[in-house]
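Me: I would like to learn how to read the interfaces in a model of a complex. Can we go through one together?

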Amino acid sequence: MAQHLLFKDIDEPGLSTLEVYERRGGYSALRKALEMEPEDVLAELNASGIRGRGGAGFAMGKKASFLPKGSMDKYLCCNADESEPGTFKDRELMQKSPHMLIEGIVIAAYAAGINRAFIYIRGEYAEQADVLDAAVAEAERAGHLNGLPLVVHRGAGAYICGEETALLDSLEGKRGNPRLKPPFPANQGLYQGPTLINNVETLATVPHIIAMGGAEYAKLGVETSTGTKLVSVSGNVQRPGNYEIELGTPSREIIYGLAGGPPEGREVLLWFPGGSSSPVLTKDDLDLPYDFDTMAKAGSMLGSGAIIVVDDSNSVVDVALKVAKFYRHESCGKCSPCREGTNWTVKMIERMRAGEATPMDLDIMASVQTNIIGNCLCVLGDAMAMPIGSMVEKFRPEFEAYIEARRRELDRVTDEMPEPPLQVLQGAR
Amino acid sequence: MSTVPRFGHGSRVPGWDDAVDLEKDPMEVPDPATTPVPDDLRAQIEHHLSLYPDPRSAALPALAAAQRVHGWCSPEAIAQTACVMRLTPAYLSAVATFYDMFHTEPVGMHKVYVCTNISCSLNGADDLYERLCQAAEGDEDLHVQHFECLGACDIAPMASVDGVYCGPLDLDDVPRLLDDLQAGRPPLADKQLRRRFSADPAVNTQEFRPGPGNEPIVAAGTGGTPKPPLAAGPPMPADEDRTDQPAAVEQPPDPPDNPDSEDSADD
Amino acid sequence: MPRPQPAEITFSIDGREVAAPANMMLVDAAKRGDIEIPVFCYEPKLGQPVGACRMCLVEIEGIPKLQTACSTPVKDGMVVHTQTERVRDAQAAVVEFLLVNHPLDCPVCDKGGECPLQDISFGWGGGRSRFIEAKRHFQKPLELSPLVAIDRERCILCYRCVRFSQEVSEDYQLILQERGADTYVATFDGHPYVAPFSGNIVELCPVGALTSKPYRFRARPWDIESSASVCTLCPSQCNVTFTVRDERVLRVLGRDNEEVDDGWLCDKGRFAYQAVHVEERVTRPMVRDGGELRPVSWERALSEAASALSRARGRVGAVVGGQTTNEEGFLLQRLVREALESPHVDSSPLGSRSRADLVALANPRLQATVSDIEFAHTVLVLDCEPIDDAPILDLRIRKGVRRQRTKLVVATSRPSALDPNAVATHRFAPGEGAEFARALARHIADPLPDDDAALRDFARSLRAAGDEVVVVAGERSAVEAVALAEALGLAEVSGAGILEIPSGTNGRGLREAGCVPGSGPGYAEAPEGLSTPRIAEALSKGDLTAAYLLHVDPIRELPGRGTWEGALERATTVVAHAAFLTEGLREHATVVFPAEGHPEKEGTVTHPDGRLQRVRPAIAHQGENRAEWQVLADLMRALGVDPGVLTAGMAFQQLVEAVPFYAGLTLDTVGGRGVRWPERAQATSLPDVEREGSAVGREEARAEGEGLRLGTFRSIWAAPEVEHAPALKFLAARQRAELSPEDAQRLGIRNGERVEVGANGTRVRATVALRHDVPPGTVFLEENVAEDGANLLSGEPLVEVRRS
């Protein structure tokens, strides 16, 4: 069984209190870090090779080293807006081991010369935010914050606020619209100051890296995906939940070995390896090792480490509609390809369900996804276009069969009704 | 006739078809001389204002406070918040309508958010939502809303009841939930997420025994300040009652009925 | 603050080598190579680009993803492609997305023919539609305000209008509601979007979603002509373009001039053109006959005026209103001084500024420009309210604070709209602005240990950010601002100085043209005469017998209404130039010449920062109107003096010859952007006049005894043009009394109640407006309103307020 870091003591009752956390060795990594020079702490993080656990998978140490030196106000924002469908690992960490996160934040702030920190937690996680509030108060009383002002900031229900620049706008009290990049948050982030933004899991791992040493941590996992990772497995599996694995563990072992696989008699139809934003994989991909690079090579991504399994009792079109509707609902509306593209895609799939589509609509739908990808202000548009595009590509026969079946079922094909009018489609200049 | 939902006339977004009322005055930053604000709301907003280098950052917590006081983000609630924050109500209205958890239309006091995203949906969330809507019909105190992924796919299908996560729910839980809310009890105490052990078999060993000071229960809420712990809910049902669970998740043992432990958890 | 001085770089775009300033946005830099990159959301006037519409995607070598040209600063050696298949596909895709929910109702759209969405769809779109779902349909058009209609179907959510409201005018009234595809432009809870600059959103909208209600369906783009001029409705003197159809002005658009208006207009400037075409306007000369003003021929009016004035030779007092051009002012002072042998001509309502004071105020080295406001370390707003007195400067001050981190300090008696942006504010009692400025200057030059702590703190804030300080001063305290500027050493600092907001549009030009007692054209020495308030007194006493009122109705506009009523009652002759018969003229004028509207006028005006600007006629004279320079010249001729002026150009020529520091200017050099004379070499010919010690003390009545201190202010909407323009009528200022909640509580008065404000038997009716930031013990009333003007109470420092 894989080594457990984050989850080692996770079910110890009372772990969320300072007393129990300290009894299990908590805050010793902070003491160790504070005895080192900030650069050396940063060097350990770099040596660990840890990549961000929020979705983008960017090397954490590198990100922290992008912050300019100098005496200006610098900020750390812990991204606890865990909203990617299928992801619930940060929730469990914050609820059960809030001090681990706080310790990580204080160490990271020390390493990067940061003087103010925020935890942006999604508003729905009210229980977890209360746990964090209590833990921050406890840590502050015990002097564990090292003088760092740390505020738990509650969101109010918007997926887009997990995007780092939208998170900053939201934290500044605005609508959570993503910003143009550049400038990157490391240079101009919160209140226009240099800002480091990291996911909960990433920061919670920091104390472990410091405790065991970056080089030792890097021995876990595989070369370009070091360490352990919390994986949220859900959907059509028998034992949904969070599992801590070493990166590079075969996907089948996670889905079947840990999560129990689909119910008796069912097979995997498709699975999202990294939340609903990741292009789908099929049962043929189950033997791929679960790490950043392999998933990317397979045309998908590890993302937030959220595996959603869909078994063969479901229709891919229904899954596509759920996905598209989600992104339409969550698009902030700032940039046109995402705002209009998500809306259009939903309407097309709804038309398929209504028996009013033809296979030609699949071409339009695929083309609309292509037109979204890479043309948006942030990645939310891509987050819909990539999985929808992958579904159309990998399950085209299923889509066509569905369209045909719905047309027959709902009696949309009659002699009086011609094929979709061509003049409408082509129009005139 | 087409069955495709058309967002034509009578759209689902209130406001699209609304003109302004030319009889009204333009709305600038409300003047404290003419805008009374309840003292407790003012105190809460001022507390939030004090937490940030830029006071505007307090917009979300301040609106949340106003929503708690007024039940929803009514024009009056927004104007009061704007008055204390020295912003225009329009600014806060733009913010409030962006976020799903701010209600700019009147809603019931108890807010039940049912997750209908993929994982929950694959486990029957759509039926659950429909059943809840039926059960809540006519109940003015109850607001049922479907929600995108609430981040609790491990207990799919689930719902957030006044901020407390409950799941996995089946259709039989619907009347129980309504009863609990009516009686003012914590909702579905046996199905609350915070009572669950981790699914990871390697850590879910029950090696640790709860002892005094170890009880992690903290009250849920949306407040900016921690509240004292809730009284522990009723005992968990025995494991044999729960064989219908798809996930092999063990429930924690009964929480200790030790008042001392609760006190210490507050520290 | 140092202004950006970017180096010139070269980059390649579609194979062309193009030179551009470094870090210019690629969209703008491309234009230098004659390459247009389409945009919707990009508008540099609105601040940082947002990159929302995605229309301007281009390919840059070395960057894998397409980049938005609106937000990419150009770098040396950059290689850009705008014509590759990838770029064309992306741009066509964006057009397709934007048209998904756009109704394409161009034939019935008011924007048709001048619509960026039309143009860009044609130029960059795919030319076909694949969207066969139902489009959204809503009620349209809907009212957004009495001035603006909104069509939400057509909106492409480019953010321009809401960015204007939030980041330029900072009124934060116009917002986006909801999220994603549900997003729409709205206001809070159905309140109308009424703000001083709201009309700019119509001009910003790149589709037909926001249209001007006064202009909707009045003309198609091919029906209209455009004519450039200057708005003369306030001292901001914004550059405008009149849209003209069949000799009628149908619309006013901004004409960007960074040194004057930065591309914005206030709603008064944008919509008050309507007052030119209303029936109530005076378009024929009138003469009082049997107690009534009756229209007469020009010949009769001129001869009656000439003979009446001739009888009053030597005993004529002339008051010049702010909308008078330089040429008119110049000819008037010749008429009064030469033809009528009377030295009494004044263009300031306050009076009592010596020639030496005015010369000191005109010192080119102390002269700040409009753009200095933006880049100064600190801006001091002294005894004025920019939003009312020169609205466009309010935007410039906000811009400096927001974008350049300029520090703002405000010293006024009435709470200012700029207070929330200020690092320090000081409230002095009404009428004590000059005194405060003197105290501040004295403290800075020579701090005393027992100086008031508030004064010390204020002086510290004023100087904390750096040497470049711009003092934006109201006319009442401008002379004292000179002492302050001298104490701060601003003459030695470039980018610093004073920008006086005169009480009239062309206050500065009229001064330079010689409409000041004792000061001729170019501040040359002239026989001593009476100032405006003294003219009123002299008329009341019978020392003067005729009043010449050029674009001014003293009963309505000038302080001391009581005195003026007596003065005009007693005067045997009152000759007035007016566009509207306001109360005082209707009752007292003996001859009325029609005044030209600003779209009819030809001439020049001088901006508060010394910029001469051309006012050019956009339409023919309405009715029987004549050019007013011509009326003045004809009067001179009738009085036996040859004016030597046959055209407007000759009038300008005479002015230039008479004012040494204007020497060499021609209408061509003034051109469309104006010329600042303080920057010209001839500026050294400003006369040197010895100042006698400190500035002349103002005869403000001191407040002693019981009651509230009375302060007055003039709202942006207090103007006859606003009252007569049908679209703006709803904004016309009505008297209101601004009170602090403390005083209201003490007096038992509630917000919105009707009250009477008065002293010594004189009463003004008003509606109470409670404001938390009004200093207790003070009440503020409006000037220049059609009824119940505050000038009824001039000279009454203390008033009582009671429920009526």
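**Reading the interfaces**

Reply: Start with one pair of side chains: A:Glu330 and C:Arg179 form a salt bridge, with N and O 3.0 Å apart. The model is predicted.

Me: How many salt bridges are counted between chain A and chain C?

Reply: The count is two. Polar contacts are a separate count, and between chain A and chain C they come to 17 residue pairs, both residues at pLDDT 80 or more.

Me: Which elements of chain A give two or more residues to the side that touches chain C?

Reply: They are helix 13 (316–330), helix 14 (336–353), helix 15 (359–372) and helix 18 (422–426) of chain A. Helix 14 gives the most, 10 residues. By class, this side of chain A has 15 nonpolar, 13 polar and eight charged residues.

Me: How many residues are in contact between chain A and chain C, and what area do they bury?

Reply: Contacts are counted on each side: 36 residues of chain A meet 39 residues of chain C. The buried area is about 3300 Å², with 50% of it on carbon and sulfur atoms.

Me: Now the other interface. What are the corresponding values for chain B and chain A?

Reply: Here 76 residues of chain B are in contact with 91 residues of chain A. Together the two chains bury about 6400 Å², of which 57% is on carbon and sulfur atoms.

Me: How many salt bridges and polar contacts are found between chain B and chain A?

Reply: There are three salt bridges. One of them joins B:Asp154 to A:Arg91, whose closest N and O atoms are 2.7 Å apart.

Me: What confidence does the predictor give the complex and chain C?

Reply: For the complex, the ipTM is 0.93 and the pTM is 0.92. Chain C averages a pLDDT of 95, and 98% of its residues score at least 70.

Me: Where in chain C does pLDDT stay under 50?

Reply: Where pLDDT is low, the predicted coordinates should not be read in detail. In chain C, pLDDT stays under 50 over residues 694–699, for which the model has 10 contacts beyond four places in sequence.

How values were computed
Residues are numbered from 1 along each chain as its sequence is written. Chains are lettered from A and ligands numbered from 1 in the order in which they are written. Side-chain values use heavy atoms; hydrogens and water are left out. Contact means heavy atoms within 4.5 Å. Buried area is the accessible area (1.4 Å probe) that two parts lose on being put together, summed over both. A salt bridge is a side-chain nitrogen of Lys or Arg within 4 Å of a carboxyl oxygen of Asp or Glu. A polar contact is a pair of N or O atoms within 3.5 Å; within protein, one must be able to donate a hydrogen and the other to accept it, and residues adjacent in sequence count only if both atoms are side-chain atoms. Helices (H or I, at least four residues) and strands (E, at least two) are DSSP runs, numbered from the N terminus. Ala, Val, Leu, Ile, Met, Phe, Trp, Tyr, Cys and Pro count as nonpolar, Asp, Glu, Lys and Arg as charged, and the others, Gly among them, as polar. pLDDT is the predictor's confidence in each residue, from 0 to 100.
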